[in-house]
Amino acid sequence: MSPYRVIVLMFEDFHVLPAYSGRMGQIASTSLWQLGNRELVTRLTAVHRRILRDYAEYFAILSEVDGRGTAYELGYSNTAALLVHTQNISRSEANQRIAQATALHDVKTPTGAVIEASLPLTAAKLAAGEISVGQVEVIRKFVGSLDHVEPEKVALAEELMVERAAEDDPNALARYGERWVRDVIDPDG
């Protein structure tokens, strides 16, 4: 379990009030100002990797929630409406998160059909804390723009983008995809 376990109190209308426990108390009592710069950056990086792994878990849960139709069962018009109401995020952010979750994970629909994840390599790297959510979005949009290309080439595009993500921020990764990967995958445009 994550050291940043969140205890959530759910009310009848599904609003949430988080109360933090676990390592948060340790961080508050630690005198960060006493740490050397390298140790401080090491800790910052370790926390960031944990956050990314937590995002991976979040997307796995969200994929299941969306695939099951949980929102409808709870009286919401759709999963985005559930996220807007329970997490106080905008509708566009809710839709983006749902699209990411769907791309990263296989979805079993209420009818029993399985829709395979379009970004399995990306999902693995996010779960390992090796790529950011911003990079996931860049890869998702780029791979989504290749719907006219053969599946093998789409898989190669994801592989190239995931490999490059270790070196680039999301903006540079997007440029790499448009300038280099698109030429390799779809040279005729």
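Predicted model: local features only at pLDDT ≥ 70, side-chain atom pairs only at ≥ 80, totals over all residues.
**Whole chain**

Nine helices and four strands are present. In sequence order the pattern is β-β-α-α-α-α-α-β-β-α-α-α-α. Colour by burial next: 33% of the 189 residues count as buried. The accessible surface is about 11700 Å², and carbon and sulfur atoms hold 56% of that area. Among contacts with a separation of 6 or more, 50% join residues 24 or more positions apart.

**α2 and α5**

Select residues 37–68, helix α2, and then residues 91–104, helix α5. How do the two helices cross? Their axes come within 8 Å, at an angle of roughly 95°. An angle from 65 to 115 degrees counts as roughly perpendicular, so α2 is roughly perpendicular to α5. Show side chains at the contact: α2 supplies Tyr 58, Phe 59, Leu 62, Ser 63 and Asp 66, while α5 supplies Arg 97, Ile 98, Gln 100, Ala 101, Thr 102 and Leu 104. Sorted by class, this contact has six nonpolar, three polar and two charged residues.

**His 48**

Stay on α2 and pick His 48, which lies in this helix. Its relative accessibility is 41%, so His 48 counts as partly exposed. The separation is 9.1 Å, although His 48 and Ser 132 are 84 residues apart along the chain.

**α8 and its cover**

Move to helix α8, residues 151–165. Its 15 residues should span 21 Å at 1.5 Å a residue, and the end C-alpha atoms are 21 Å apart, so the two values agree. Which residues of α8 are buried? They are Val 154, Ala 157, Glu 158, Leu 160, Met 161, Val 162 and Ala 165. To see what covers them, display α6, α7 (133–144) and α9 (170–185), which are included in that cover.

**α6 against α8**

Keep α8 and select α6, residues 120–127. The axes are 9 Å apart and the packing angle is about 25°. Angles under 35 degrees count as roughly parallel, and α6 and α8 are therefore roughly parallel to each other. On the α6 side the contact uses Pro 120, Leu 121, Thr 122 and Lys 125; on the α8 side it uses Glu 158, Glu 159 and Val 162. By class there are three nonpolar, one polar and three charged residues in this contact. Finish on Glu 158 and Val 162: both are on the list of buried α8 residues, and both take part in the contact with α6.

Technical notes. Residues numbered from 1 in each chain as written. Heavy atoms only, no water. Axes fitted to C-alpha atoms, helices over the stretch in contact; angles between N-to-C directions. Parallel < 35°, antiparallel > 145°, perpendicular 65-115°, else oblique. Contact = heavy atoms within 4.5 Å. Nonpolar A, V, L, I, M, F, W, Y, C, P; charged D, E, K, R; others polar. Buried < 20%, exposed > 50% of the residue type's maximum accessible area, 1.4 Å probe, protein only. Expected span 1.5 Å × (residues − 1). Areas by Shrake-Rupley, 256 points an atom, 1.4 Å probe, with all protein chains shown as cover.
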